[in-house]
Amino acid sequence: MVRKTVLGFLALVVVFVAPVGVHGLQRGVPEGHWSSASRDSIGLAPTVAEEAGAVIQVYAAPTYGWRGIFAVHPWIAVRRAGSSDWDRYEVVGWGGGRVTRDRMAPDARWYGAEPRLLLDLRGADAAVLIDEVEAAVASYPYTGAYRTFPGPNSNTFLAHIGRSVPDLGLDMPANAIGKNWLPWDEPVSTAPSGGGVMLSVAGLGGLLVAPEEGVELTFLGLSLGVDFDPLDVRLPGFGGVR
């Protein structure tokens, strides 16, 4: 019985860790110092000439260095109708876990890593949600607390916004480690998209079932699952493979 339990546990470890290993072999570790890494815009954030209406965008990019094999760093950027000014909100570890604003361009590379656009709302759909998004930013309950693993961290911050503003329909990737973190004494919540249900043991283990994310298991902080609409296998390291 003990032998079967140990073998089962080891098999589970392999299922969750193997995709991270494959992703690490494919990606490698970027060379160079962070201070010289590119933080240039990639051209996905529209100017007011390209889009006069309001805009809400969410990005995620591999974290710097070897951590990018495992996880992404996300942020949210908003621009009100008729304005040329963006407000970009995120939480970073070297900021002590506090919410920062306007550190970079809304679509800047994250220290050399090209971000992926997770959400792009424009016009009236965005305009009605910007105040809610900024209220969610202000109400983030874990400011001043930061743990890279398993959370609370930058992904916990975006998950808080997603839960607070479910009309965003925010679908965070499986490699957004920290999105499924909850305090020990609050193990049940909605999913980061604001729908469904999520059970979490401080982000180390758990189960998520929701219309946006599908079904997702968390084990040792890594998440694995299936999204059904559209069909997407959610893998540790990779995030998702359509």
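Leaving aside its neighbours within four places in sequence, which residues is H160 in contact with? The first point below takes this up.

1. This is a predicted model, in which local features need pLDDT of at least 70 and side-chain atom pairs count only at pLDDT 80 or more, whereas totals for chains, interfaces and linings use all residues. Residues are numbered from 1 along each chain as its sequence is written, and side-chain values use heavy atoms, with hydrogens and water left out. As for the question, H160 is in contact with A136, S139, Y140 and P141, once neighbours within four places in sequence are set aside, where contact means heavy atoms within 4.5 Å. H160 belongs to helix α4, and H160 is buried, with a relative accessible area of 15%; buried means under 20% relative accessible area, computed with a 1.4 Å probe on protein chains only. Helices (H or I, at least four residues) and strands (E, at least two) are DSSP runs, numbered from the N terminus.

2. The largest nonpolar core has 28 residues, of which I56, I76, V133, F157, I161 and L168 touch the most other members. A nonpolar core here is a set of buried Ala, Val, Leu, Ile, Met, Phe, Trp, Tyr and Cys residues joined through side-chain atoms within 4.5 Å. The elements that give two or more residues to this core are β1 (55-62), β2, β3, β5 (116-122), α3 (130-138) and α4 (154-164). L168 touches I56, L119, L121, L129, V133 and I161, not counting residues up to four places away in sequence. Another core, of 14 residues, lies apart from the largest one and includes A45, Y59, A61 and A77.

3. Why is strand β3 (residues 87-91) described as largely enclosed by the rest of the structure? The description holds because five of the five residues of β3 are buried. D87, Y89 and V91 point one way from the strand, while R88 and E90 point the other way. In general, side chains in a regular strand alternate between the two faces of the sheet. Strand β2 (residues 72-79) runs antiparallel to β3 and is joined to it by three bridges, with V78 standing opposite D87. Three bridges also join β3 to strand β4 (residues 99-101), again antiparallel, and the bridge partner of Y89 in β4 is R101. Two strands count as paired if DSSP finds at least two bridges between them.

4. A further six strands form an open sheet in the order β6-β7-β8-β9-β10-β11, with antiparallel pairing. Its edge strands are β6 (188-189) and β11 (231-234), each of which pairs on one side only. Within this sheet, β7 and β8 pair over four bridges, and M198 has L208 in β8 as its bridge partner.

5. There are two cavities of 30 Å³ or more. A cavity is a set of points on a 1 Å grid over the protein atoms alone where a 1.4 Å probe fits but cannot get out, and its lining residues have an atom within 4 Å of a point. The largest cavity has a volume of about 50 Å³, and its lining includes P150, W181 and K179. A volume is the space filled by probe spheres set on the points, which are joined across faces, edges and corners.

Note on methods: 1 Å grid on protein atoms, 1.4 Å probe; cavity = no way out; pocket = protein on both sides within 12 Å on 5 of 7 lines; lining within 4 Å. Buried < 20%, exposed > 50% of the residue type's maximum accessible area, 1.4 Å probe, protein only.
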